Amino acid sequence: MKSLLSLLATASIVALASSSAMAAGELNIYNWGNYTSPEMIKNFEEKFDIKVNLDGYDSNEAMLAKVKAGDTGYDIVVPGDYMIKVMIGEGLLEEVKPNSMENFKNVDPKWVDVWWDPGRNYSVPYQWGTTSFTVDTAVYDGDVDTLALLFDPPEVLKGRINMLNDMNDVINAGLRYLGYGRCNGNPDELREVLALLAKAKPHWRTMDYAVIEKLTSKDVDISQSWNGAAMRARAQRPTLKYAYPKEGFTGWMDNVAVLKGAPNLDNAKLFINFMMEPENAGLTSNFARYANGILGSDKFMEPEMLSAPEIVMPAGAPEPDFVTPCPQEVVDLYNKIWTQLKQ
Amino acid sequence: MSGREDDATLAAVIDHTRRRERVTRAWLLAPALIIILAISILPLGITIVYSFLTPGTYGGVTWKFSTDSYVQFLFQSDIFDGTLAFNSAYVSIFLRSIGLALGATIGALLLGFPTAYFIATKPREQRNVWLFLITLPFWTNLLIRTYAMLLIIRDEGIINIVLMKLGIISSPLTILYTDTAVFIGLIYSFLPFMVLPLYASLEKLDFSLVEAGYDLYANRLKVLFHVIVPLAKPGIVAGCMLVFIPALGAYITPELLGGGKKLMIGNMIAMQFGASRNWPFGSAAALILMALVVIVLLINARVTGREAR
């Protein structure tokens, strides 16, 4: 046993030594979990002889908390739209001027003058999508395009629901179901939202970010979900259908950005430029199953991506609603509702 | 003259030795002091300071004194109209955690005592094998073990598939994502912490006392409760502490097996440093949790202290 252990130890030391000796540099990427195409990373490593280390988070807030705590050693982060704005405001991002980089011409003009980073001085598009929910039509065969399935579920879906463990996504869905505005500080309306959520909660089985796993393991039959996750779940459970609720749903874009004080700043800039190449954006979409904002990437995308109902919105669907960051008073109220809900 | 000089040299030598001793003592003490200061007192100090500050907008703290974090634990300005009223949310999270941790402790004791007794009564050369088996799970990360438990008890997991194949149940038992699942997970995670101290005290047990009990016409139950349990008491107390305390602050188990719908203390504190962006309140909650643990330890010291006398 002992000799086996020492053999293993020696082997791992050799492996470590050789891997660090091989690459000319390093790049530490902090991205959402299960969201980075291994193929795309391999291409980057081979092209620039840089070793990529990948670490994952499951919410913008978790990422922000870790970055704020400081000294993470990460170079690249992939925050959502509102989080880009927050992080620029907090001085956490390096102004790397992607708009003067070689591949910037590939960015779809629609995604250049965005409210979270006008003119793209800090970030480039990674993936964009919608947050709605997906239902197993073999379990429930009625109309899926309504938030009532989450908040006032039919008998067959009771106890079979997963909600995202995300304060904003859950409260925003509640606000839409009641027809109230987002970033809402109106006490009476929020009181109604809390009552709605509290009444619906007994019907929810879980509140978790692991959407794909919850659906494919048949722990639940309906889950709040991002569209790409819904598509990946459908690959293993073909009867799933992604809903475009008539009350509305969230649109979002995740963006590649460089952290201030990144230890491998030059490599990080290479990566930013690399992500604007159509082929790499296409590879990312093939893996994560979301659309990207890079023109010409469709040539590198799998054909089913271009017709998937999760990506191509039906004609009658409402426009996705991109939610801006809320003022602190509203965040405080949301926090209280959230704790009250989860006690 | 020379005598005085000798005295002076002697004094210098003594002084030198003393100084050297002092230096040596300082060096020898250093590791312990560094550990106590750097790993225990300093973080605790930061936590205490942070708990009296005001939360920063996007996490962190702003340097403004406030006792809000402690007020917030029990009272809440009504979400909507701002009047201060008793708020049971956090108290009920604490009570649920205490309940689950107590349940897990009792469960682990009921399972662990017979196990430890079994091992302690084996021939000496076999005991090590059994102890090895008890510690074997530690070779795998807790997260992985908890995830494995999730695969076992889920609706389409091993238990349900076997029971349904055998025709014992017709629809799957809903265990996963309930308090029962958290309870099972906690017992599973912390059982070795119960077995090992129990084994340590049962191993030293003089079994001639058990025989003496039988000779005096005690039945098995009487022997158990009047001879074995009192003698194993230090092990029982230590085991219960070692299970109760980590179970109270458990994070992974409720997160994975509880389904995220209800918080335990550990998750609630983690949330304050993440989505809720309220580091001061997180610090305050952590200190309140620590105070609870200290109370349990004090009660323990009281009880065992009285025993010793």
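Me: At roughly what angle do the axes of helix α3 and helix α9 of chain B cross?

Reply: Two packed helices are described by the angle between their axes and the distance between the axes. Here helix α3 (residues 89-120) and helix α9 (residues 220-248) of chain B cross at roughly 135 degrees, and their axes come within 9 Å. Axes are lines fitted to C-alpha atoms, for helices over the stretch in contact, and angles run from 0 to 180 degrees between N-to-C directions. Helices are DSSP runs (H or I, at least four residues), strands likewise (E, at least two), numbered from the N terminus. This is a predicted model, in which local features need pLDDT of at least 70 and side-chain atom pairs count only at pLDDT 80 or more, while totals for chains, interfaces and linings use all residues. Residues are numbered from 1 along each chain as its sequence is written, chains are lettered from A in the order in which they are written, and side-chain values use heavy atoms, without hydrogens and water.

Me: Which word describes how α3(B) and α9(B) lie to each other?

Reply: Angles under 35 degrees count as roughly parallel, over 145 as roughly antiparallel, 65 to 115 as roughly perpendicular and the rest as oblique. α3(B) and α9(B) are therefore oblique. Contact means heavy atoms within 4.5 Å; among the residues making it are I98(B) and F113(B) of α3(B), with I228(B) and F244(B) of α9(B). The contact residues comprise 18 nonpolar, two polar and no charged. In these classes Ala, Val, Leu, Ile, Met, Phe, Trp, Tyr, Cys and Pro are nonpolar, Asp, Glu, Lys and Arg are charged, and the others, Gly among them, are polar.

Me: At what angle do α5 and α6 of chain B pack?

Reply: Helix α5 (residues 142-153) and helix α6 (residues 158-165) of chain B pack at about 20 degrees, with axes 4 Å apart. α5(B) and α6(B) are therefore roughly parallel. The contact joins L151(B), I152(B) and I153(B) of α5(B) to I158(B), I159(B) and N160(B) of α6(B).

Me: Which residues lie nearest the centre of the second largest pocket?

Reply: On a 1 Å grid over the protein atoms alone, a pocket is an open set of points with protein on both sides within 12 Å along at least five of seven lines, and lining residues have an atom within 4 Å of a point. Nearest the centre of the second largest pocket are D332(A), K336(A), P55(B), Q72(B) and N278(B), out of 30 lining residues. The largest share of this lining, six residues, comes from α12(A). By class, the lining of the second largest pocket has nine nonpolar, 16 polar and five charged residues.

Key:
On a 1 Å grid over the protein atoms alone, a cavity is a set of points where a 1.4 Å probe fits but cannot get out, and a pocket is an open set with protein on both sides within 12 Å along at least five of seven lines; lining residues have an atom within 4 Å of a point.
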